[in-house]
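Take a look at the model below. The text after it goes from one part of the fold to the next.

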Amino acid sequence: MKLYAVSDGPPSLSVRMALEALKIPYDHVSVDYGKSEHLTEEYAKMNPQREIPVLEDDGFFLSESNAILQYLCERYAPTSALYPQDAKERAVVNHRLCFNLAFLYPQISAYVMAPIFFDYQRTEIGLKKLNLALGAFETYLERTGTKYVAGNALTIADFPLVTSVMCLEAIGFKLGNFPTVRKWYDGFKQAHPSLWAIAAKGMEEIAEFEKNPPDLTGMVHPFHPIRKPADK
């Protein structure tokens, strides 16, 4: 098994956390984002979307981190509590995965990641959207009153949500207005240090890029504007 991934991207990190939690051996194939390796025709043979990560399992290629998380459990640990078999419990896990993908992470990506890597600015409207998404997350956690995002047991839904919130910590964003999110996030770190270590390494890289944005002037991105080098 191979995982084509970057070292700091939340989707890549969430899959690596699942592989660690499930104790599945794999080879980590580093994709050089700065050199646009994910935009090559060779990479597109694995994933026409040209996005990261991609899982290769004995000639089977799968992209989309949520699909990878689900596949790993169904293929290698079908009875694992990480992806419960009860229909309602699994539905909540699937909902949290979708919530992160469609609602929370897009706002975090736009506010945190895009201005680091590309020629975007952090804006008041971006902050409002981020706070709206975090507010919804806070409400879900308040309503369930559980230790984890989908119940009182760790599930694959926690991994992408942890790696999303990790991006906020990387730039010093405080969760004071979202105490239940902060409690869950801190609790995960304390309860699962080996899994958190995977995210923490990525957070360190993002924090460093926040201080010193990477030079991507050699990248020809299909839609993101590339930041011009600063005059010296």
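Contact here means heavy atoms within 4.5 Å. The model is predicted.

Start with the stretch that a record marks out. In an unreviewed entry, UniProt lists residues 1-80 as "domain: GST N-terminal". Over these residues the chain is 39% helix and 20% strand. The end C-alpha atoms of the stretch lie 20 Å apart.

Now the sheet. Four strands form an open sheet, in the order β2-β1-β3-β4, and the pairing is mixed. The edge strands are β2 (27-30) and β4, and each pairs on one side only. From one strand to the next, the twist averages 20 degrees.

Next, the pairs. β1 (residues 2-5) and β3 pair in the antiparallel sense over three bridges. Tyr4 has Val54 as its bridge partner in β3. Val54 also has a bridge partner in β4, namely Ser63. β3 (residues 54-57) and β4 (residues 60-63) pair in the antiparallel sense over four bridges. These two strands form a hairpin, with two residues between them. In the turn, Asp58 has a positive phi of about 55 degrees.

Then the helices. α1 lies across β1 and β2, and runs at about 155 degrees to β1. How do α1 and α3 cross, and within what distance do their axes come? The axes of α1 (residues 10-22) and α3 (residues 65-76) come within 9 Å and cross at roughly 10 degrees. Angles under 35 degrees count as roughly parallel, so α1 is roughly parallel to α3.

Which residues meet here? Pro11, Ser14, Val15, Ala18, Leu19 and Leu22 in α1 meet Ser65, Ile68, Leu69, Leu72 and Cys73 in α3. By class, this contact has nine nonpolar, two polar and no charged residues.

Terms used. Residues are numbered from 1 along each chain as its sequence is written. This is a predicted model: local features need pLDDT of at least 70, side-chain atom pairs count only at pLDDT 80 or more; totals for chains, interfaces and linings use all residues. Side-chain values use heavy atoms; hydrogens and water are left out. UniProt positions are given in the numbering used here, feature names are shortened, and annotations may be inferred rather than shown by experiment. Axes are lines fitted to C-alpha atoms, for helices over the stretch in contact, and angles run from 0 to 180 degrees between N-to-C directions. Angles under 35 degrees count as roughly parallel, over 145 as roughly antiparallel, 65 to 115 as roughly perpendicular and the rest as oblique. Ala, Val, Leu, Ile, Met, Phe, Trp, Tyr, Cys and Pro count as nonpolar, Asp, Glu, Lys and Arg as charged, and the others, Gly among them, as polar. Two strands pair if DSSP finds at least two bridges between them.
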